[in-house]
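Here is a walk through a protein model for anyone meeting it for the first time. Have a look at the sequence and structure, then read on.

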There are 2 protein chains.
Amino acid sequence: MVRITDVARRAGVAPSTVSYALSGKRPISAETRRRVEESVRELGYRPLTGTRAAGGGHWPNVLALVAPLRAGVDPRTVMEYAGAVVTAARGHDHDVLLVTRGEGVEGLRRVVESTPANALIVADTEPHDARLPWLRTLDRPSVLIGHPADTTGLTCVDLDFGAAGELCVEHLAGLGHRVVALVGAPPEVYLRDTGDAQRVVRGFTAAAARHGLSSSVLPCPASPAAARAVAERLLRERPALTGVVVHNKAVVKPLIDAFGALGLRVPADLSVAAVGSTSLPVTSVDVPATELGAGAVDLLIRILNGTPVPEATLLPPQLTHRATTAPRTTP
Amino acid sequence: MVRITDVARRAGVAPSTVSYALSGKRPISAETRRRVEESVRELGYRPLTGTRAAGGGHWPNVLALVAPLRAGVDPRTVMEYAGAVVTAARGHDHDVLLVTRGEGVEGLRRVVESTPANALIVADTEPHDARLPWLRTLDRPSVLIGHPADTTGLTCVDLDFGAAGELCVEHLAGLGHRVVALVGAPPEVYLRDTGDAQRVVRGFTAAAARHGLSSSVLPCPASPAAARAVAERLLRERPALTGVVVHNKAVVKPLIDAFGALGLRVPADLSVAAVGSTSLPVTSVDVPATELGAGAVDLLIRILNGTPVPEATLLPPQLTHRATTAPRTTP
DNA sequence: AGGCGAAGTCGAAGCGCTTCGACACTTCCT
DNA sequence: AGGAAGTGTCGAAGCGCTTCGACTTCGCCT
């Protein structure tokens with residue numbers, strides 16, 4: 001193992017000079033710097049990062065990204081979080097340590113407590129996540145991606161799902177649609193008060209009222225059969241329907257297919273917009289994974305700097321117009 | 001910041017006693033240990049991991065996982081690597097640092113050299129990866145997931161694609177098929193000698209010869225149209241064909257559809273097996289991402305321990321029988 | 001009673017690194 | 001010429017931690 005004294009000896013200078021030459025914290029003559037750098041290269045010297053913490057230097061900044069890497073969660077989204085977090089963290093001179101969900105909260109606790117990271121980003125949290133109590137008492141700052149039911153004592157970023165619901169309605173209203181429906185999550189999700197789902201409903205309903213649209217909301221289980229049933233029911237009960245917002249990833253395609261089978265062409269007869277990322281060419285408010293990851297890092301850095309931050313940060317939604325929405329054809 | 005001396009003072013013992021109480025490297029009375037642990041808890045003491053390296057202790061083990069998190073690569077596979085690497089690494093008491101491809105090799109170099117990791121796992125390498133020369137001269141050990149054209153001076157794990165090709169043929173031969181074809185990668189891939197592609201061809205051809213099967217190989221661009229053309233050509237030139245192996249993810253579904261359109265039912269008239277993971281219910285030799293990740297960590301640990309390891313480790317393929325292959329119906 | 005080994009604790013030294021204060025040397029200004 | 005104001009370098013001290021050797025206590029065996 002090569003130490004700073006080895007480099008110093010080879011370059012014919014004092015260890016402190018090497019330190020200054022490498023850190024640039026004091027002026028060093030060009031010639032000396034050159035010799036030091038050469039010695040570093042030749043010996044393959046790599047300062048032992050940790051020992052800087054002693055001697056008053058900076059502790060190498062490491063933040064842990066806690067993400068379930070294998071569960072049912074959409075890997076593409078998690079990857080996008082991860083990429084964004086790494087990039088943003090590097091911008092703030094932080095490294096990112098990967099922590100997968102250990103066996104249960106207890107395992108996670110052990111892993112995190114033995115980890116050299118001084119801050120946490122927890123991706124994919126649920127409204128009543130079992131990790132929340134633990135996070136609240138953790139001695140290291142953390143930022144959640146997602147939106148717990150109770151945010152007190154926590155910091156989190158999420159897409160503003162309420163605004164997303166509104167945005168979809170506004171988009172449809174702007175296209176001239178007067179009768180709209182929201183096809184939402186499976187019924188059981190609403191019972192377990194999954195914040196997102198209800199926020200979308202609230203935004204959707206409020207915006208529809210504001211624009212004087214006739215609106216209805218239907219939960220929908222995540223199966224093609226359920227999608228067909230919902231489509232049929234909508235056509236039966238709301239024959240004037242021309243705009244649909246879907247907040248249920250699994251059901252977007254089946255639903256469009258079902259409407260097609262029932263004789264409604266999308267978007268000619270019926271406009272469909274989705275809340276949440278799909279891989280389909282559907283007009284949608286995507287989950288801005290990159291912005292969420294970057295936002296989480298940003299909040300964390302602010303916390304580490306001692307700046308006060310709000311408990312919940314909601315990112316403004318952005319609607320991407322794709323092939324499934326169009327102006328209402330005058331009836 | 002809480003130091004070991006603070007804990008010691010509160011527990012009424014010497015700092016060294018705290019150190020021993022926590023590390024267990026010398027016997028400490030139950031009572032003293034209790035008091036130390038209590039003080040640790042009350043003060044929220046967390047030893048500054050890095051400074052252990054000084055004083056002769058162990059440097060905290062960190063390995064860097066270099067993975068392109070956003071490129072065109074299949075995120076599901078990358079995630080699976082990542083998960084497996086993290087799990088395996090934890091088993092060997094290592095943390096995993098995430099490094100995304102910085103801007104070009106140069107950026108990557110800077111990031112990695114400033115990173116406290118003492119070993120690297122590089123996922124998704126290409127046969128002539130631009131990073132190879134750099135990895136060869138790197139002063140830290142590394143293991144690649146993938147198979148460089150030239151492995152000298154490197155360590156890598158990969159699926160044994162040659163054996164995968166053979167395995168598919170054996171599977172088909174076992175089902176009674178006598179005339180088989182391999183639909184491979186786009187032609188340009190073969191020109192750029194992408195190792196995998198050619199290894200599959202070699203395995204396929206050798207196994208076919210060994211089993212006395214009539215075989216042919218066709219490259220295929222990654223478009224539905226190309227798939228259709230290949231299907232037509234196969235039927236024209238090899239009317240007796242009953243078994244097809246596809247080593248081209250993008251084309252599996254289009255190809256099956258094309259055969260269907262030409263009047264051949266899969267698997268009744270034609271058996272189709274794929275090399276490489278698809279999300280379709282197709283008989284296939286999947287890329288064992290979990291095993292690859294775990295294998296990479298394993299190799300790395302062995303290297304770090306000074307055990308010599310082979311340059312290339314090839315994992316035996318495993319064929320999963322699904323709905324697209326069946327015994328040949330006697331003609 | 002005396003000796004011995006084990007158990008338990010402490011102080012001091014040392015790890016690789018950074019930082020502080022001091023020193024020598026150069027430049028530039030009057 | 002003589003000082004002030006940089007420049008560039010060094011030695012020593014110190015960071016939080018571990019480890020080593022030494023010391024005290026204690027129970028146990030002769």
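Between chain B and chain A of this predicted model, the count of salt bridges is one. B:D139 is one partner and A:R46 the other, with their closest N and O atoms 3.9 Å apart. As for polar contacts, two residue pairs link chain B and chain A, both at pLDDT 80 or more.

So much for individual pairs; what about the whole interface? On the chain B side, 36 residues are in contact with 36 residues of chain A.

Which parts of chain B supply the touching residues? At least two residues each come from α4 (75–91), β2 (95–99) and α5 (104–113) of chain B. The biggest giver is α4(B), with ten residues. Sorted by kind, the side of chain B that touches chain A has 17 nonpolar residues, ten polar and nine charged.

The two chains also join up strand to strand. Strand β2 of chain A, residues 95–100, pairs with β2(B) in the antiparallel sense over three bridges. Within this pairing, A:L97 has B:L97 as its bridge partner. Chain A has a parallel example too: β9 (residues 271–275) and β10 (residues 283–285) pair over three bridges. Here are the two pairings side by side.

| Strands | Sense | Bridges | One bridge pair |
|---|---|---|---|
| β2(A) and β2(B) | antiparallel | three | A:L97 and B:L97 |
| β9(A) and β10(A) | parallel | three | A:A274 and A:S284 |

In general, strands of a sheet pair through backbone hydrogen bonds, either parallel or antiparallel. Chain A has an open sheet of six strands, in the order β7-β6-β8-β9-β10-β12, with mixed pairing. At its edges sit β7 (214–218) and β12 (319–320) of chain A, each pairing on one side only.

Now for some helices. Which residues of helix α1 of chain B are buried? In this helix, which covers residues 4–11, they are B:D6, B:V7, B:A8 and B:A11. These buried residues pack against α2 (15–23) and α3 (30–43) of chain B. Just past the end of α1(B), B:G12 takes a positive phi of about 70°.

Over in chain A, A:S39 belongs to helix α3, residues 30–43. Is A:S39 buried or exposed? It counts as buried because its relative accessibility is 4%, under the 20% cut-off. A polar atom of the A:S39 side chain lies 2.9 Å from the backbone oxygen of A:R35. If you set aside neighbours within four places in sequence, A:S39 is in contact with A:V7, A:R10, A:A11 and A:G44.

Back in chain B, B:L304 lies in helix α12, residues 289–304. Its relative accessibility is 36%, so B:L304 counts as partly exposed. Not counting residues up to four places away in sequence, B:L304 touches B:H94, B:N118, B:A119 and B:P141. And how far is B:L304 from B:P15? The two are 289 residues apart in sequence and 32 Å apart in space, C-alpha to C-alpha.

Note on methods:
Residues are numbered from 1 along each chain as its sequence is written. Chains are lettered from A and ligands numbered from 1 in the order in which they are written. Side-chain values use heavy atoms; hydrogens and water are left out. Contact means heavy atoms within 4.5 Å. A salt bridge is a side-chain nitrogen of Lys or Arg within 4 Å of a carboxyl oxygen of Asp or Glu. A polar contact is a pair of N or O atoms within 3.5 Å; within protein, one must be able to donate a hydrogen and the other to accept it, and residues adjacent in sequence count only if both atoms are side-chain atoms. Helices (H or I, at least four residues) and strands (E, at least two) are DSSP runs, numbered from the N terminus. Ala, Val, Leu, Ile, Met, Phe, Trp, Tyr, Cys and Pro count as nonpolar, Asp, Glu, Lys and Arg as charged, and the others, Gly among them, as polar. Two strands pair if DSSP finds at least two bridges between them. Buried means under 20% relative accessible area, exposed over 50%, partly exposed in between (1.4 Å probe, protein chains only).
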